[in-house]
Amino acid sequence: MSDRLITHLRHVDIAVPDYTRQREFYTELWGLTPVAEDGGLVYLAAEGSPEQYVVRLRKDADKRLDLIAYGAASRADVDTMAARLGTAGVQLVSEPDVLQTLGGGYGFRFFDCDGRTVEVSTDVEDRVHRRIEEREAIPVRLSHVVVNSPDTARTTAFYESHLGFATSDKLTHPFVGDLMTFMRCNPQHHSFAVAKAPHASLHHVSFEMRGLDEYMRGTGRLLRAGTKMIWGPGRHLAGDNTFSYFIDPHGNTMEYTTELEQLDEDTWHPSLYDVTDLEVQDQWGTANPFDELVGTASFNDPDPGVYVAPPV
């Protein structure tokens with residue numbers, strides 16, 4: 001859409017009770033780099049990304065999704081979006097202002113229709129990053145985030161009407177209806193998706209690897225370390241990307257992926273993919289079937305409710 005103000009996904013912030021164990025998983029196994037830390041709070045960067053951090057991990061008594069952050073092109077766009085949301089009756093957590101988070105910038109926060117805190121920001125200082133080398137099996141960048149919603153139509157409509165996201169494709173079931181809607185804020189097939197679930201929660205967070213070889217090497221490293229892989233390795237039809245889904249120490253699903261499709265937005269038309277077609281779930285036929293156990297793990301624990309992330 002011509003007036004889309006969101007440019008890309010910046011970072012995902014989560015909280016967990018066992019901070020030390022979770023920090024060890026993300027840094028020693030998953031391949032993220034700690035760039036700043038203060039007590040029970042650590043900012044984790046992807047070596048190939050200019051974003052200051054792609055995951056913020058916080059210690060808390062409750063496991064929860066603290067925040068999803070998106071970028072905008074300018075302060076004017078941030079101000080315009082905040083004004084639009086306020087006029088539409090969306091509850092703002094904070095008005096546009098200078099950010100006190102790592103890298104600074106200018107932005108604001110609001111609650112989406114499921115009570116998640118979302119941030120939109122601009123002018124965040126770029127991090128000095130580097131090219132990921134051949135056979136280096138660590139994340140290049142954050143790829144996308146998928147959330148669970150008990151009312152996918154409402155959540156999808158919220159992100160379409162208020163944030164300008166566009167639907168790329170949908171997964172459907174002949175008896176259940178829509179299961180997942182893939183949404184984009186740029187030519188990448190999806191940086192966000194909404195999955196049907198009994199409650200609002202985090203479905204999964206995905207990290208892009210350098211290529212197929214690095215994706216498989218990373219998958220192998222996690223498997224050799226005894227990390228539970230619930231689904232993969234395989235290749236989806238919608239988005240045409242690879243997938244290996246692992247469970248982190250607190251039951252969140254994390255994905256390694258690569259080769260996510262880049263669309264020509266002027267000519268693209270969304271498709272409805274029937275998940276009972278085995279090739280829809282996995283074109284290669286190498287992944288384990290998407291059964292009830294995989295689905296239940298993807299539901300995750302219900303999010304405990306609204307948490308206003310502090311500006312630190």
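Trainee: How many salt bridges does the count come to?
Mentor: The count comes to 26 salt bridges, a salt bridge being a side-chain nitrogen of Lys or Arg within 4 Å of a carboxyl oxygen of Asp or Glu. This is a predicted model, in which local features need pLDDT of at least 70 and side-chain atom pairs count only at pLDDT 80 or more, while totals for chains, interfaces and linings use all residues. Residues are numbered from 1 along each chain as its sequence is written, and side-chain values use heavy atoms, with hydrogens and water left out.

Trainee: Which residue forms a salt bridge with E51?
Mentor: R10 does, with the closest N and O atoms 2.9 Å apart. E51 lies in the loop between β3 (41–45) and β4 (55–59) and R10 in strand β1, so the pair ties together parts that are 41 residues apart in sequence. Strands (E, at least two residues) are DSSP runs, numbered from the N terminus.

Trainee: Are E51 and R10 buried or exposed?
Mentor: Both E51 and R10 are buried; buried means under 20% relative accessible area, and exposed over 50%, with partly exposed in between (1.4 Å probe, protein chains only).

Trainee: What about D13, which residue does it pair with?
Mentor: D13 forms a salt bridge with R56, the closest N and O atoms being 3.6 Å apart. The two are 43 residues apart, D13 in strand β1 and R56 in strand β4. D13 is buried, with a relative accessible area of 1%, and R56 is buried, also with 1%.

Trainee: Which residues are linked in a network of salt bridges?
Mentor: D13, R56, R58, D60 and D66 are linked in this way.

Methods
Helices (H or I, at least four residues) and strands (E, at least two) are DSSP runs, numbered from the N terminus.
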